[in-house]
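Thanks for coming. I will go through one structure today, starting with its loops and ending with its pockets. Please have a look at it first.

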Amino acid sequence: DLWTAWSANIRQLLFMDQHDEAWPLVEQATQKFPLTPRLWFDRALVARARLANGAEVESLQNALRINPSWGVAARALADFQERHGDKQAARQTLERVIARDPLDVVTACKLAELEWEVGERAAALDRYEKAALLEPGYEPAWEGLANGSRMLGCAERSEAAVKGLTEQRPGEARSWLRLAQSLDPALVDERLAAWDRALELNPRCES
């Protein structure tokens, strides 16, 4: 009677590459728990493993109908749409989720990656920067900001964002960690000072 048990069984069959055995089970699960988005996502995984494109996209769309702000399902649907050459649909899928959940930095970075690919690089850089400042611990956002700034000839923008972080969130150890990691290796004293500040704020900080 627990949907979680059905999901665990389905995932185990997938892990064992028993796709054909997983399919009837996931069909039963979605019939028994039709309003559980995680099971529709499981169905999409099984469908993809069986190369059933129609069932995959239908399952992801159902998951998002039930939970329109679920970034995991949205990113999977956007990946499907990209694989089939519809970048515009992928973009719209991601934009809808971000409109509902502006704090979803993982989806925001996925959208920034797509914007970069289609040539909207200034918009992508803005999105990377916003995501990095919203969630300083999310590495892909900082990587996107640093790489994008360098490629667009404005490396100082990434550096300014990191320094701004220490001003906006001076009491967080990860702000100073980020600064220490981003500074030029030649600036030994400044890097050590940032590490010391991070350790002062969080003596148990390991990285």
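Leu51 is found in the loop between helix 3 (37-49) and helix 4 (53-66). When I say helix, I mean a DSSP run of H or I with at least four residues, and the numbering starts at the N terminus. This is a predicted model, in which local features need pLDDT of at least 70, side-chain atom pairs count only at pLDDT 80 or more, and totals for chains, interfaces and linings use all residues. Residues are numbered from 1 along each chain as its sequence is written, and side-chain values use heavy atoms, with hydrogens and water left out.

Back to Leu51. Its phi is near 60°, a positive value in a residue other than glycine. For background, most residues other than glycine have a negative phi. Is Leu51 buried or exposed? Leu51 counts as exposed, because its relative accessibility is 72%. The cut-offs are under 20% relative accessible area for buried, over 50% for exposed, and partly exposed in between, with a 1.4 Å probe and protein chains only.

Asp17 is another residue to look at in a loop, the one between helix 1 (3-15) and helix 2 (19-32). Asp17 is not a glycine, yet it has a positive phi of about 60°. With a relative accessible area of 57%, Asp17 is exposed.

Ala22 sits in helix 2, and its relative accessible area is 0%, so it is buried. What does Ala22 touch, leaving aside neighbours within four places in sequence? It is in contact with Ile10, Leu13 and Val46, where contact means heavy atoms within 4.5 Å. As for Arg121, it is 99 residues from Ala22 along the chain, and their C-alpha atoms are separated by 42 Å.

Helix 6 (residues 87-100) holds Thr93, and Leu94 is found in helix 6 too. Thr93 is buried, with a relative accessible area of 2%. Not counting residues up to four places away in sequence, Thr93 touches Leu64, Ala74, Leu77, Ala78 and Gln81. Leu94 has 0% relative accessibility and therefore counts as buried. With neighbours within four places in sequence left aside, the contacts of Leu94 are Ala74, Arg75, Ala78, Thr107, Lys110, Leu111 and Leu114. From Leu94 to Ala76 it is 18 residues in sequence and 9.9 Å in space, C-alpha to C-alpha.

Next, a pair of helices. In general, two packed helices are described by the angle between their axes and the distance between the axes. Here the axes of helix 8 (residues 121-134) and helix 9 (residues 139-151) come within 8 Å and cross at roughly 145°. The axes are lines fitted to C-alpha atoms, for helices over the stretch in contact, and the angles run from 0 to 180 degrees between N-to-C directions. Which residues meet? On the helix 8 side they are Arg121, Leu125, Tyr128, Glu129, Ala131, Ala132 and Leu133, and on the helix 9 side Pro140, Ala141, Trp142, Gly144, Leu145, Gly148, Ser149 and Met151. By class, this contact of helix 8 with helix 9 has 10 nonpolar, 3 polar and 2 charged residues. The classes are Ala, Val, Leu, Ile, Met, Phe, Trp, Tyr, Cys and Pro as nonpolar, Asp, Glu, Lys and Arg as charged, and the others, Gly among them, as polar.

Finally, the pockets. How much space lies in the largest pocket? About 340 Å³. A pocket here is an open set of points on a 1 Å grid over the protein atoms alone, where a 1.4 Å probe fits, with protein on both sides within 12 Å along at least five of seven lines; lining residues have an atom within 4 Å of a point. Grid points are joined across faces, edges and corners, and the volume is the space filled by probe spheres set on them. The largest share of the lining of the largest pocket, 6 residues, comes from helix 9. By class, that lining has 7 nonpolar, 4 polar and 8 charged residues.

The second largest pocket has a volume of about 190 Å³. It is lined by 13 residues, and the closest to its centre are Cys109, Glu113, Tyr128, Pro140 and Gly144. Helix 9 gives the most to the lining of the second largest pocket as well, with 6 residues.

Methods
Helix = DSSP H or I, 4+ residues; strand = E, 2+ residues; numbered from the N terminus.
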